[in-house]
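Please read it with the sequence and the structure at hand.

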Amino acid sequence: GAGVSQSPSNKVTEKGKDVELRCDPISGHTALYWYRQRLGQGLEFLIYFQGNSAPDKSGLPSDRFSAERTGESVSTLTIQRTQQEDSAVYLCASSPGVQGVSEAFFGQGTRLTVV
Amino acid sequence: GQQLNQSPQSMFIQEGEDVSMNCTSSSIFNTWLWYKQDPGEGPVLLIALYKAGELTSNGRLTAQFGITRKDSFLNISASIPSDVGIYFCAGLRGGSNYKLTFGKGTLLTVNP
């Protein structure tokens, strides 16, 4: 597709269940970012992938959060044993080369609601 | 995590009016970015600022990177109804070109 694609667009899950969020970056983009946006807040950095380098996971809020990326393609963000505080919009972005996030395009996000 | 101090939180203006919003921080940023977010969408970059004192325009938008590197402002001139949305400032610290710190946003409403 032409832009960053995220799925599902909405997810409602019960507290304690695991969820998996998917991001399809723009073809050819080597950098991929995950951010989280809580209601009424700005975005918070979660994790950064750049090519085959080790990802920067320093923004992941707890060990219940993990993310993977296969090569320069799809990424999945997994949240285990979800809690109500995990409710937020999870946004993925991708950018070409090493220019950084100022060159990035964001997807529409996945709205996660934990009940 | 730390967020930038963005103000105002919301603005209600008449079409044709000019708008100004700003962000401040207690620490230095090397890059300032301004985004607009529409409901149900991801943020879209409006303006990027890379040097202290830099003043950059993009159509009716003008943004400046403060001399102290601890603040930035965004002006929108002659507002139109499609300017409605949430505007976010964001900054990058030295050593990172991917770990953005965001403000909480300014909700702009334009009355036609």
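1. Which strand gives the most to the lining of the largest pocket? This is a predicted model, and in it the answer is β10(A), with 4 residues. The pocket has a volume of about 600 Å³. Its lining has 34 residues, of which Gln37(A), Val89(A), Arg111(A), Gln37(B) and Gly40(B) are the closest to the pocket centre.

2. Both chains take part in this lining. Sorted by class, the lining residues are 18 polar, 11 nonpolar and 5 charged.

3. Next, a sheet in chain B. Five strands are arranged in the order β1-β3-β8-β7-β6 (chain B), as an open sheet with antiparallel pairing. The edge positions belong to β1 (5–7) and β6 of chain B; each has a single partner strand, so one side of each lacks a neighbour in the sheet. On average, neighbouring strands of this sheet are turned by 15 degrees against each other, with direction ignored.

4. Which of its residues are on the covered face, and which on the uncovered one? Leu61(B), Ala63(B) and Phe65(B) make up the covered face, while Thr62(B) and Gln64(B) make up the uncovered face.

5. On one side, β7(B) pairs with β6(B), residues 55–58. The two strands run antiparallel and are joined by 4 bridges. Within this pairing, Thr62(B) is the bridge partner of Ser57(B); Thr62(B) also belongs to the uncovered face of β7(B). The two strands form a hairpin with 2 residues between them, and Gly59(B), in the turn, has a positive phi of about 65 degrees.

6. β7(B) also pairs with β8(B), residues 71–76, in the antiparallel sense and over 5 bridges.

7. β1(A) pairs with β3(A), residues 19–24, over 3 bridges in the antiparallel sense, and the bridge partner of Ser5(A) in β3(A) is Asp24(A).

8. Thr106(B) is found in strand β11 of chain B. Is this residue buried or exposed? Thr106(B) is buried, because its relative accessible area is 0% and the cut-off for buried is under 20%. Which groups does its side chain reach? One polar contact, at 3.2 Å, is with the side chain of Gln6(B). The Thr106(B) side chain also reaches the backbone oxygen of Pro8(B) at 2.6 Å.

9. Ser79(B) lies in the loop between β8 and β9 of chain B. With a relative accessibility of 1%, Ser79(B) counts as buried. A polar atom of the Ser79(B) side chain lies 3.3 Å from the backbone oxygen of Gln14(B).

10. Phe12(B) is in strand β2 of chain B, residues 10–14. How does this residue count, buried or exposed? Phe12(B) is exposed, because its relative accessible area is 62% and exposed means over 50%. Phe12(B) and Leu107(B) are 95 residues apart in sequence, and their C-alpha atoms are 8.5 Å apart in space.

11. Leu32(A) is in strand β4 of chain A, residues 31–37, and is buried, with a relative accessible area of 0%. Leu32(A) and Val115(A) are 83 residues apart along the chain, and 29 Å separates their C-alpha atoms.

Key. Residues are numbered from 1 along each chain as its sequence is written. Chains are lettered from A and ligands numbered from 1 in the order in which they are written. This is a predicted model: local features need pLDDT of at least 70, side-chain atom pairs count only at pLDDT 80 or more; totals for chains, interfaces and linings use all residues. Side-chain values use heavy atoms; hydrogens and water are left out. Buried means under 20% relative accessible area, exposed over 50%, partly exposed in between (1.4 Å probe, protein chains only). Two strands pair if DSSP finds at least two bridges between them. On a 1 Å grid over the protein atoms alone, a cavity is a set of points where a 1.4 Å probe fits but cannot get out, and a pocket is an open set with protein on both sides within 12 Å along at least five of seven lines; lining residues have an atom within 4 Å of a point. Grid points are joined across faces, edges and corners, and a volume is the space filled by probe spheres set on the points. Ala, Val, Leu, Ile, Met, Phe, Trp, Tyr, Cys and Pro count as nonpolar, Asp, Glu, Lys and Arg as charged, and the others, Gly among them, as polar. Axes are lines fitted to C-alpha atoms, for helices over the stretch in contact, and angles run from 0 to 180 degrees between N-to-C directions. A polar contact is a pair of N or O atoms within 3.5 Å; within protein, one must be able to donate a hydrogen and the other to accept it, and residues adjacent in sequence count only if both atoms are side-chain atoms.
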